[in-house]
Amino acid sequence: MPPSEMALDADYASAGFARRLGWGTRPAVLLIDAALAYTAPESPLHLETGQAAADAMAELSQTARAADVPVLWTTVRFADESCSEAPLFAAKVPALKVFAAGSPLGGFAPPLAPAPGELVVVKHYASAFAGTSLAAWLASHSIDTLVIGGFSTSGCVRASALDALQHGFRPMVVREACADRAPAPHESNLFDLNAKYADVVTLSETLQNLTGYARTSPQPHQDRPAAPAD
């Protein structure tokens with residue numbers, strides 16, 4: 001680590017930032033906008049490290065399922081390319097039209113796909129909590145910890161992690177399971193999240209922690225077919 005980064009870490013630590021929240025007793029994995037739009041080279045939202053993050057998300061989902069830990073998904077979907085459900089967001093980011101209904105780029109990026117019974121939350125804004133029933137679902141299933149991966153680090157991952165904290169859930173952001181358009185926004189947002197709003201964790205430690213969890217009883221969502229929540 002360069003001396004300048006060591007000094008910054010020391011400065012934040014001395015001010016009381018970057019303390020660890022730690023895991024709770026009942027986690028769920030939340031995979032945010034794991035869409036082909038971020039891994040397909042022809043997409044305006046393509047991320048160079050998007051496929052590597054998608055592969056890490058696949059490891060998270062597989063390990064969580066084996067441990068009987070819930071896996072939740074978000075997807076962005078608009079009725080058409082006007083994105084009238086979120087007009088100001090679309091005015092700021094016109095590329096959101098790739099999430100219009102029927103666009104193949106809005107689908108999940110291989111090898112990712114929800115399994116039967118896994119909740120898929122449809123959203124129109126950056127945060128997974130904005131205008132959705134996610135917080136109510138988590139509370140009703142006694143979830144206290146959210147293991148977060150997705151696209152992009154500086155956008156929907158950051159917004160969702162912040163809102164997770166503000167709704168009373170422990171956000172664990174998995175470094176390798178997130179991606180951004182360039183290393184600088186990726187690293188700077190992980191630094192800021194770890195300092196103030198979440199625990200930034202590695203994939204290896206997360207897989208180990210997930211393996212140690214097993215839910216004690218089936219949850220109601222397990223018997224439902226996969227369907228959007230909103």
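This is a predicted model: local features need pLDDT of at least 70, side-chain atom pairs count only at pLDDT 80 or more; totals for chains, interfaces and linings use all residues.
Rolling a probe the size of a water molecule over the atoms shows where empty space is left. The second largest pocket found here has a volume of about 280 Å³. Its lining is made up of 19 residues, and those closest to the centre of the pocket are Tyr38, Leu45, Val93, Ser152 and Cys156. Helix H5, which spans residues 153-166, supplies the largest share of this lining, with 3 residues. By residue class, the lining of the second largest pocket holds 11 nonpolar, 4 polar and 4 charged residues.

The salt bridges come next. Side chains of opposite charge can pair when their charged atoms come close. In the whole structure, 6 salt bridges are found. One of them joins Asp33 to Lys123, with 2.8 Å between the closest N and O atoms. These partners sit in distant parts of the chain, 90 residues apart: Asp33 belongs to the loop between strand E1 (27-32) and helix H2 (50-66), while Lys123 belongs to strand E3, residues 120-123. Asp33 and Lys123 are both buried.

Another salt bridge pairs Arg158 with Asp192, and here the closest N and O atoms are 2.8 Å apart. This pair also links distant parts of the chain, since Arg158 lies in helix H5 and Asp192 in helix H6 (residues 183-196), 34 residues apart. Helix H5 is the helix that was named above for its share of the pocket lining.

Are Arg158 and Asp192 buried or partly exposed? Arg158 has a relative accessibility of 22%, so it counts as partly exposed. Asp192 has a relative accessible area of 14% and is therefore buried. The cut-off that separates the two cases is 20%, because buried means under 20% relative accessible area.

Which other residue forms a salt bridge with Asp192? Lys196 does, with its closest N and O atoms 3.2 Å apart from those of the partner. Lys196 and Asp192 both belong to helix H6, where they are 4 residues apart, about one turn of the helix. Lys196 counts as partly exposed because its relative accessibility is 38%. Through shared partners, the salt bridges join Arg158, Asp192 and Lys196 into one network.

Methods. Residues are numbered from 1 along each chain as its sequence is written. Side-chain values use heavy atoms; hydrogens and water are left out. On a 1 Å grid over the protein atoms alone, a cavity is a set of points where a 1.4 Å probe fits but cannot get out, and a pocket is an open set with protein on both sides within 12 Å along at least five of seven lines; lining residues have an atom within 4 Å of a point. Grid points are joined across faces, edges and corners, and a volume is the space filled by probe spheres set on the points. Helices (H or I, at least four residues) and strands (E, at least two) are DSSP runs, numbered from the N terminus. Ala, Val, Leu, Ile, Met, Phe, Trp, Tyr, Cys and Pro count as nonpolar, Asp, Glu, Lys and Arg as charged, and the others, Gly among them, as polar. A salt bridge is a side-chain nitrogen of Lys or Arg within 4 Å of a carboxyl oxygen of Asp or Glu. Buried means under 20% relative accessible area, exposed over 50%, partly exposed in between (1.4 Å probe, protein chains only).
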